[in-house]
Amino acid sequence: HLTLLEHLDKLLDDAQRVIVITGRQELARLFSDKLQARLAAFLTIPLQASDQDLPARTFHYPDRYRQIIDALAGDLHGTLVLVGAGIFGKKYCAVAKQHGAVALDLGSAFDILAGKRTRPVHSIADFLDIKRESWITVKAD
């Protein structure tokens with residue numbers, strides 16, 4: 001999913017509406033500023049318990065999971081749904097697609113967008129350039 005990052009700006013520019021599902025709450029303002037009225041929803045989930053910055057574990061399932069499923073239950077034709085929700089992300093993408101959306105599981109790419117290297121691949125991915133502005137640029141080949 002990291003290779004999708006080089007296309008993210010184009011995908012966002014072309015989308016009529018966007019729904020974002022992620023644990024990276026710090027990205028809400030960035031998506032809101034970039035998409036303005038086209039951001040249909042920014043749905044947050046608890047970060048994984050392995051994140052060092054978490055003071056205590058908050059469970060994603062069942063309450064927040066059910067709320068997200070309900071939020072995806074409407075007509076989503078013309079909507080791009082970007083998901084970074086671990087194992088639940090697969091289900092969220094499937095539900096969004098069933099309701100007419102184009103859904104992409106960006107996984108840990110949301111961590112990259114937030115300026116965090118949380119996986120070993122983030123350190124060795126030579127095509128990524130993480131900037132202080134918490135958005136990404138892709139090095140030209």
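Tutor: We begin with a definition: an axis is a line fitted to C-alpha atoms, for helices over the stretch in contact, and the angle runs from 0 to 180 degrees between N-to-C directions. In this predicted model, helix 3 and helix 4 pack at an angle of about 20°, and their axes lie 10 Å apart.

Student: Why are helix 3 and helix 4 called roughly parallel?

Tutor: Angles under 35 degrees count as roughly parallel. The angle here is about 20°, and helix 3 and helix 4 are therefore roughly parallel to each other. Helix 3 passes helix 4 in a right-handed crossing.

Student: Which residues of helix 3 and helix 4 meet?

Tutor: From helix 3 come Arg-64, Tyr-65, Ile-68 and Ile-69, and from helix 4 come Phe-88, Lys-91, Tyr-92 and Val-95. The residues of this contact divide into 6 nonpolar, no polar and 2 charged.

Student: What makes a residue of helix 4 buried, and which residues are they?

Tutor: A residue is buried when its relative accessible area is under 20%. In helix 4, which spans residues 87-98, the buried residues are Gly-89, Tyr-92, Cys-93, Val-95 and Ala-96.

Student: How do you know that the buried residues line one face of helix 4?

Tutor: Viewed down the axis of helix 4, the buried residues fall within an arc of 165°, so they line one face of the helix. The face turned away from the buried side of helix 4 carries the exposed residues Ile-87, Lys-90 and Gln-98.

Student: What do the buried residues of helix 4 pack against?

Tutor: They pack against strand 1 (17-22), helix 3 (63-71), strand 3 (79-84) and strand 4 (102-105).

Student: Why is Gln-36 called exposed?

Tutor: The relative accessible area of Gln-36 is 59%, and exposed means over 50%; Gln-36 is therefore exposed. Gln-36 sits in the loop between helix 2 (28-35) and strand 2. Its phi is near 50°, a positive value in a residue other than glycine.

Student: Where is the cis peptide bond, and what is its omega?

Tutor: The cis peptide bond joins Tyr-61 and Pro-62, with omega about 10°. Pro-62 is placed in the loop between strand 2 (39-44) and helix 3.

Note on methods
Residues numbered from 1 in each chain as written. Predicted model: local features only at pLDDT ≥ 70, side-chain atom pairs only at ≥ 80, totals over all residues. Heavy atoms only, no water. Buried < 20%, exposed > 50% of the residue type's maximum accessible area, 1.4 Å probe, protein only. Helix = DSSP H or I, 4+ residues; strand = E, 2+ residues; numbered from the N terminus. Arc of directions from axis to C-beta. Contact = heavy atoms within 4.5 Å. Parallel < 35°, antiparallel > 145°, perpendicular 65-115°, else oblique. Left-handed = near helix turned anticlockwise from the far one by under 90°. Nonpolar A, V, L, I, M, F, W, Y, C, P; charged D, E, K, R; others polar.
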